[in-house]
Amino acid sequence: MGNAHPARFMDYHLYFHNDFDGIASGAVMLDFLKGRGDKIISFNPINYFAELQKKWPKFKFKKPFILVDFRYHPKADFWFDHHLSTFISEKWKSDFATDKAHYFGPKFKSCCGLIIFHLGKQFGYRPPHCIKELVGWADMVDSASYKSAKQAVELKEPGLRLALFLADDSYPLHQEEIIKRLISESISKIVKLPFIAKELKKLDYETKRAKKIFKDISALKDKIVFVDTTKTKTFISRYMGYFLYPKIKYFVIVMRSDGGYHISAGKNPWKKMPNKIAIGEMLGKYGGGGHKGVGGVERRTKPEILKVAEEIIEYLNKHG
Ligand SMILES: [Mn+2]
């Protein structure tokens, strides 16, 4: 267990999930720590990787450290997460105790929203207007509560533009700069930064292209739209299937990821249906995880990931 009452004027290393919510969570931590005279001296994005379960206990963190929007680690001085699959073992789960600097809140739509709630209660922390705006978008993106598949595919509003930029790590994301700006600048100003605007322009073109090629790389399998994005270099939104096939119940999408392959699976959020399957739990059987409505799993090789995809599709069609 980390230090329950961190000393004042500390220098921390920040570890955050390398996505929109992780970066927003980092910004909340930076703003909070700044207010008490503490510092973040390194910014370390972190992604899910193959064999995480095995390697996570011995993961080499610089210390003292903050870990947000990612799997629980007992050595973290601050840790906040909202993923159902956050505890890699029953022992870590039963040993975990909430305190001022450690909190698990699976009901929160975003981790950054959870952090504001907890720090507000424990330390009286109040976020500035720009962070409140950020959390609104993170709630929407991380819980996939877009108003429509069209909004989720076209991503026109500033918060969604930033999320689009951060969803693709084939170019430098400048996470540290973005986190530092998010504590004092509006998102509409940040998305106009040249290094972001340049990529967004390309991504808008990709979206147009993705609409055109989607049918060639996808297959409808009963209740599911299955997409194999390894067949194209074009970025494919996980919502494209719902946009083009509004009646579909689930999506299963295969993509390349750091040193391997990743499956993202989810329920159609715009379709009313009984809540029979928790996707994150279902993927737990494969070493993956996530939320009730959406989750992911990793494998090293393409045959392995396609085999998992096939099993998931069969399960969802049978029980979903
Ligand atoms: Mn999150």
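Show the surface first. The accessible area of the chain comes to about 15100 Å², and carbon and sulfur atoms hold 53% of that area. Areas follow the Shrake-Rupley method with a 1.4 Å probe; for residues, only the protein chains shown count as cover. This is a predicted model: local features need pLDDT of at least 70, side-chain atom pairs count only at pLDDT 80 or more, and totals for chains, interfaces and linings use all residues. Residues are numbered from 1 along each chain as its sequence is written, and side-chain values use heavy atoms, with hydrogens and water left out.

Switch to cartoon. You will find 13 helices and 11 strands. Both are DSSP runs, numbered from the N terminus: helices are H or I with at least four residues, strands E with at least two. The C-alpha atoms fill a box of roughly 55 × 45 × 35 Å along the principal axes.

Colour by burial next. Of the 320 residues, 57% are buried, meaning under 20% relative accessible area (1.4 Å probe, protein chains only).

Now select the manganese ion. Its donors are D21 (OD), D69 (OD), H82 (NE2) and D142 (OD), at 2.2 to 2.4 Å. Donors are N, O and S atoms within 2.8 Å of the metal (3.2 Å for Na, K and Ca); water is not among the atoms, so sites may look incomplete. Along the chain, the donors are spaced D-x47-D-x12-H-x59-D.

Pick D69 and H82, 13 residues apart. D69 lies in the loop between strand 3 (65-68) and strand 4 (78-81). H82 is in the loop between strand 4 and helix 3 (90-95). Buried or exposed, D69 and H82? Both are buried.

Technical notes. Buried means under 20% relative accessible area, exposed over 50%, partly exposed in between (1.4 Å probe, protein chains only).
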